Amino acid sequence: MSFFLQGLSLGLAYVAPIGLQNLFVINSALNSSRRRALLTALIVICFDVVLALACFFGMGALMQRYIWLQMVILGVGSLLVISIGIGLLFAKIAPAEGSAHTLSLRQTIVSACVVTWLNPQALIDSTMLLGSFHTALPAAGQMPFISGVAAASCLWFSALALTISLLSHRVNAKILRGINIFCGIIIIFYGIQLLLHFLALV
């Protein structure tokens with residue numbers, strides 16, 4: 001269970017910072033019905049979980065096969081994860097601005113795909129983060145860990161859509177910044193763990 005909880009906590013810390021995916025879900029919750037906002041969240045969850053699985057098992061499998069790649073990804077990945085956390089501590093964000101336009105279901109699916117799979121920074125960060133953990137974890141802990149990551153995606157985007165829909169008039173930049181700071185601290189902690197694992201291999 002500890003590997004599942006580790007994946008859950010890391011997944012929440014990674015997915016919660018206010019980025020393109022979250023802004024997309026927030027916009028939907030601000031401008032659509034609650035049912036439509038939850039449907040949008042479900043679509044984003046599907047794309048996010050598939051991305052997490054691809055990064056974890058794809059890059060992770062390559063790193064297990066090639067030791068030199070494992071060293072490079074763990075070393076660079078740990079520094080990148082720490083830098084992501086530090087960046088979140090100082091990031092300035094603002095709540096998404098409302099719009100009267102509601103996307104069609106097809107437009108929602110395409111947009112969710114774009115903000116998840118066509119965001120280069122997110123692809124690099126996910127590959128480094130999850131690929132590094134695939135290498136650092138024992139074989140028995142890999143499935144519980146990635147299950148925790150997937151559960152985090154389901155919990156976060158569903159809760160975000162529901163919460164914003166219910167409390168849309170109270171959402172402000174201060175609340176979103178508080179989320180980023182909290183998540184930044186957790187991500188830095190995990191980045192240091194990866195760095196220590198890299199140093200142990202060296």
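Modeller: Let's start with a term: a polar contact is a pair of N or O atoms within 3.5 Å, and within protein one must be able to donate a hydrogen and the other to accept it. Keep in mind that this is a predicted model.

Colleague: What makes the pairing of T116 and Q21 a polar contact?

Modeller: The side chains of T116 and Q21 come to 2.9 Å. The limit is 3.5 Å, so the pair counts as a polar contact.

Colleague: And why is T116 called buried?

Modeller: T116, which sits in helix α5 (residues 105–117), has a relative accessible area of 1%. Buried means under 20%, so T116 gets that label.

Colleague: Why does V76 count as partly exposed?

Modeller: V76 is part of helix α4, and its relative accessibility is 42%.

Colleague: What about F145: buried or exposed?

Modeller: F145 is in helix α7 and has 0% relative accessibility. That is under the 20% cut-off, so F145 is buried. Leaving aside neighbours within four places in sequence, F145 is in contact with several residues, including F3, F56, L130 and L10.

Colleague: How far apart are F145 and L10 in sequence and in space?

Modeller: They are 135 residues apart in sequence, yet 9.3 Å apart in space, C-alpha to C-alpha. Across the chain, among contacts between residues at least 6 apart in sequence, 89% join residues at least 24 apart.

Colleague: What does the chain look like overall, in helices and strands?

Modeller: It has 8 helices and 0 strands. Of its 202 residues, 43% count as buried.

Colleague: Where is confidence lowest, and where is it highest?

Modeller: Helix α6 (residues 120–136) has the lowest, at a mean of 75, and helix α7 (residues 139–166) has the highest, at 92. For the chain, the mean pLDDT is 80, and 85% of residues reach 70 or more. Where pLDDT is low, the predicted coordinates should not be read in detail.

Conventions. Residues numbered from 1 in each chain as written. Heavy atoms only, no water. Helix = DSSP H or I, 4+ residues; strand = E, 2+ residues; numbered from the N terminus. Buried < 20%, exposed > 50% of the residue type's maximum accessible area, 1.4 Å probe, protein only. Contact = heavy atoms within 4.5 Å. pLDDT = per-residue confidence, 0-100.
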